[in-house]
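Dear colleague,

Please find below the structure that I am handing over to you.

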Amino acid sequence: MAEDIFRVATVEDAPEFLELLSSAFKSVKELGIDWPSTNADLAMVTENIVNSSAFVLERNGKLISTITVRFPWESSSPPSKYPFVWWFATAPELAGQGIGDKLLTYVEEQVLRDTLKAPALTLGTSARKHPWLLDMYLRRGYEVYFEHEEDGDVGVMMRKILIPEKFDATLLGIPSWT
């Protein structure tokens with residue numbers, strides 16, 4: 001039976017991380033979505049691993065899913081004052097098996113809510129060019145709190161409240177890319 005291991009990515013993971021990210025975001029790039037994840041190279045992936053908290057799900061020594069958490073102090077103009085998740089990718093050949101869901105649940109609940117006591121988290125996605133992502137996040141309890149139309153797409157910022165009694169909507173802010 002396969003053993004799944006959750007862990008933080010290391011610089012040594014960068015080439016395999018890039019391979020996973022590139023294969024997972026190939027279809028997104030083909031949709032004309034210009035995100036950092038669709039144009040990542042080894043230097044960008046390495047920088048991401050060094051400067052943020054990149055979590056991976058590993059099975060039998062192979063990276064099968066990843067998600068990165070960026071914290072507000074990592075940028076002079078963060079999207080919000082809550083943790084921001086991005087570069088969420090799962091190996092395409094394993095799509096539909098709940099692997100991405102497993103990693104995202106781990107990061108939301110065990111890392112952000114239970115360990116770091118983060119009241120909420122945020123993310124950005126495409127609502128027009130890649131609508132199934134929006135629907136997936138809505139089913140997971142995320143809510144749209146900001147929309148911005150540009151270049152034929154609608155970019156949305158979403159939030160998920162993890163600890164309702166500590167959540168403060170004024171900390172969401174307006175993203176600097178507007």
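Helix H2 (42-51) and strand S4 (84-90) each supply at least two residues of the lining of the second largest pocket, and H2 gives the most, with 4 residues. Helices (H or I, at least four residues) and strands (E, at least two) are DSSP runs, numbered from the N terminus. A pocket is an open set of points on a 1 Å grid over the protein atoms alone, where a 1.4 Å probe fits, with protein on both sides within 12 Å along at least five of seven lines; lining residues have an atom within 4 Å of a point. Of the 11 lining residues, Glu47, Asn48, Ser52, Arg70 and Trp86 lie nearest the centre of this pocket.

This is a predicted model, in which local features need pLDDT of at least 70 and side-chain atom pairs count only at pLDDT 80 or more, while totals for chains, interfaces and linings use all residues. Residues are numbered from 1 along each chain as its sequence is written, and side-chain values use heavy atoms, with hydrogens and water left out.

The structure holds 9 salt bridges (a side-chain nitrogen of Lys or Arg within 4 Å of a carboxyl oxygen of Asp or Glu). One of them joins Lys160 to Glu108 at 2.9 Å, N to O. This pair links distant parts of the chain, with Lys160 in strand S7 (residues 153-161) and Glu108 in helix H3 (residues 99-115), 52 residues apart. Glu108 is buried (under 20% relative accessible area), at 2%. Salt bridges that share partners join Asp101, Glu108, Arg140 and Lys160 into one network.

Yours sincerely

Notes: Buried means under 20% relative accessible area, exposed over 50%, partly exposed in between (1.4 Å probe, protein chains only).
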